[in-house]
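Please look at the sequence and the model first, then read the points below.

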Amino acid sequence: MKCREMVELMTDYLEGNLAASERTRFEEHIAGCDGCRAYLEQMRKMVGVLGRLTDDQIPPAVRDQLLDAFRDWKRRAAGP
Ligand SMILES: [Zn+2]
């Protein structure tokens with residue numbers, strides 16, 4: 001699984017919406033990828049905050065912001 005796919009699945013993972021097979025692949029990637037593990041922790045905190053605010057799924061706009069933030073992070077990580 002690629003890091004990019006991981007990001008797409010992170011909100012579903014945190015909301016418990018992943019199928020068992022996806023969840024296993026997700027956790028295997030997290031176990032071996034420092035970047036995704038750090039990002040998951042960051043997202044988990046944000047979801048925790050949002051969860052208290054809305055008690056609902058992550059609004060699409062916020063989700064997009066998170067994905068943008070991740071893309072920035074990937075660019076920096078891939079830098080010189
Ligand atoms: Zn990764």
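Two residues are in contact when heavy atoms of theirs lie within 4.5 Å. Leaving aside neighbours within four places in sequence, His29 is in contact with Met1, Lys2, Cys3, Met6 and Cys36. The model is predicted, with local features needing pLDDT of at least 70 and side-chain atom pairs counting only at pLDDT 80 or more, while totals for chains, interfaces and linings use all residues. Residues are numbered from 1 along each chain as its sequence is written, and side-chain values use heavy atoms, with hydrogens and water left out.

**Overall make-up**

- The protein has four helices and zero strands, where helices (H or I, at least four residues) and strands (E, at least two) are DSSP runs numbered from the N terminus.
- Along the sequence the pattern reads α-α-α-α.
- Of the 80 residues in the protein, 29% are buried; buried means under 20% relative accessible area, exposed over 50%, and partly exposed in between (1.4 Å probe, protein chains only).
- Among contacts with a separation of 6 or more, 59% join residues 24 or more positions apart.
- The protein exposes about 5,400 Å², of which carbon and sulfur atoms supply 51%; accessible areas come from the Shrake-Rupley method with a 1.4 Å probe, and for residues only the protein chains shown count as cover.

**Zinc site**

- The zinc ion has Cys3 (SG), His29 (NE2), Cys33 (SG) and Cys36 (SG) as its protein donors, at 2.0 to 2.3 Å.
- Donors are N, O and S atoms within 2.8 Å of the metal (3.2 Å for Na, K and Ca); water is not among the atoms, so sites may look incomplete.
- The donor residues follow the spacing C-x25-H-x3-C-x2-C in sequence.
- The site is tetrahedral, with angles of 106 to 113 degrees among the four donor atoms of the zinc ion.
- Four donors count as tetrahedral if all angles lie between 85 and 135 degrees.
- His29 lies in helix H2 (residues 20–32), and its relative accessible area of 14% makes it buried.
- Cys33 is buried as well as His29.

**Helix H1**

- Helix H1 (residues 3–15) has 13 residues and should span 18 Å at 1.5 Å a residue, which agrees with the 19 Å between its end C-alpha atoms.
- The expected span is 1.5 Å times one less than the number of residues in the helix.
- H1 has a kink of about 45 degrees centred on Leu9; the bend at a residue is the angle between axes fitted to the seven residues ending there and the seven starting there.
- Cys3, Met6, Val7, Leu9, Met10, Thr11 and Tyr13 are the buried residues of H1.
- After H1 comes Gly16, with a positive phi near 75 degrees.

**Leu18 and Phe26**

- Leu18 sits in the loop between H1 and H2 and counts as buried because its relative accessibility is 10%.
- Not counting residues up to four places away in sequence, Leu18 touches Leu9, Asp12, Tyr13, Arg23 and Phe26.
- Phe26 belongs to helix H2 and counts as buried because its relative accessibility is 0%.
- With the same exclusion of residues up to four places away, Phe26 touches Met1, Met6, Leu9, Met10, Tyr13, Leu18 and Leu40.
- Phe26 and Lys2 are 24 residues apart in sequence, and their C-alpha atoms are 9.7 Å apart in space.

Key. Tetrahedral: all angles 85-135°; square planar, octahedral: opposite > 155°, others 65-115°.
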